[in-house]
Amino acid sequence: EVIGQPHSLLRHPDMPRCIFKLLWSELETGNEIFAYVKNRTKNGDHYWVNAHVTPSRDSSGQVIGYHSTRRLPERRVIDDVIIPLYKDLRAEEERHANRKDGMEASLNMVMEILQDRDLDYDKFIQTL
């Protein structure tokens, strides 16, 4: 496991697609988002980050890019909450032959969890 800033990173296959869909949906509305992300380096190592992603705006307020601040997450949160959750979400995604259907089904799982806890995604992540 690598901790730090590797030169090249790729989406780790353990990362649920629905988390990235949720992330980009929030950013497209101009909102910031917090998310736990498992990245993979070119040599196959991986590392976890707690990413805080915010839109960058020009002087007229138009989104011109995105800024991410990454923090080392608490190992307890990763082991006890995020890994089991992401494993369940990936399993749901893989149950479907169509990748888009799988992503939508796993996103629905996330939304049900949030609804049961009466939280939005950011609040859920911040309470871990």
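Reader: Which residue caps the N-terminal end of α3?
Author: That's N98, with a side-chain oxygen lying 2.8 Å from the backbone nitrogen of K100. Helices here are DSSP runs of H or I with at least four residues, strands are E runs with at least two, and both are numbered from the N terminus.

Reader: Before I go on, what kind of model is this?
Author: It's a predicted model, where local features need pLDDT of at least 70, side-chain atom pairs count only at pLDDT 80 or more, and totals for chains, interfaces and linings use all residues. Residues are numbered from 1 along each chain as its sequence is written, and side-chain values use heavy atoms, with hydrogens and water left out.

Reader: OK, back to α3. How far does it reach?
Author: Its 19 residues reach 27 Å from first C-alpha to last, close to the 27 Å expected at 1.5 Å a residue. That expected span is 1.5 Å times one less than the number of residues. Just after α3, D118 takes a positive phi of about 55°.

Reader: And which residues of α3 are buried?
Author: G102, M103, A105, S106, L107, V110 and L114. Buried means under 20% relative accessible area, exposed is over 50%, and partly exposed is in between, with a 1.4 Å probe and protein chains only. The cover over those α3 residues includes α1, α2 and α4.

Reader: Where does α2 bend?
Author: At I82, by about 40°, and a proline, P84, follows within four residues. The bend is the angle between axes fitted to the seven residues ending at a residue and the seven starting there. I82 is also among the buried residues of α2, along with L85 and Y86.

Reader: What covers the buried part of α2?
Author: The cover includes α1 (17-28), β2 (33-41), β3 (46-57), α3 (99-117) and α4 (121-126).

Reader: Switching to E32: where does it sit?
Author: In the loop between α1 and β2. E32 is partly exposed, at a relative accessible area of 36%.

Reader: What does E32 touch?
Author: Leaving out residues up to four places away in sequence, E32 touches E26, H52, V53, T54, P55 and D122. Contact means heavy atoms within 4.5 Å.

Reader: Which side chain does E32's side chain make a polar contact with?
Author: The one of H52, at 2.7 Å. A polar contact is a pair of N or O atoms within 3.5 Å; within protein, one must be able to donate a hydrogen and the other to accept it, and residues adjacent in sequence count only if both atoms are side-chain atoms.
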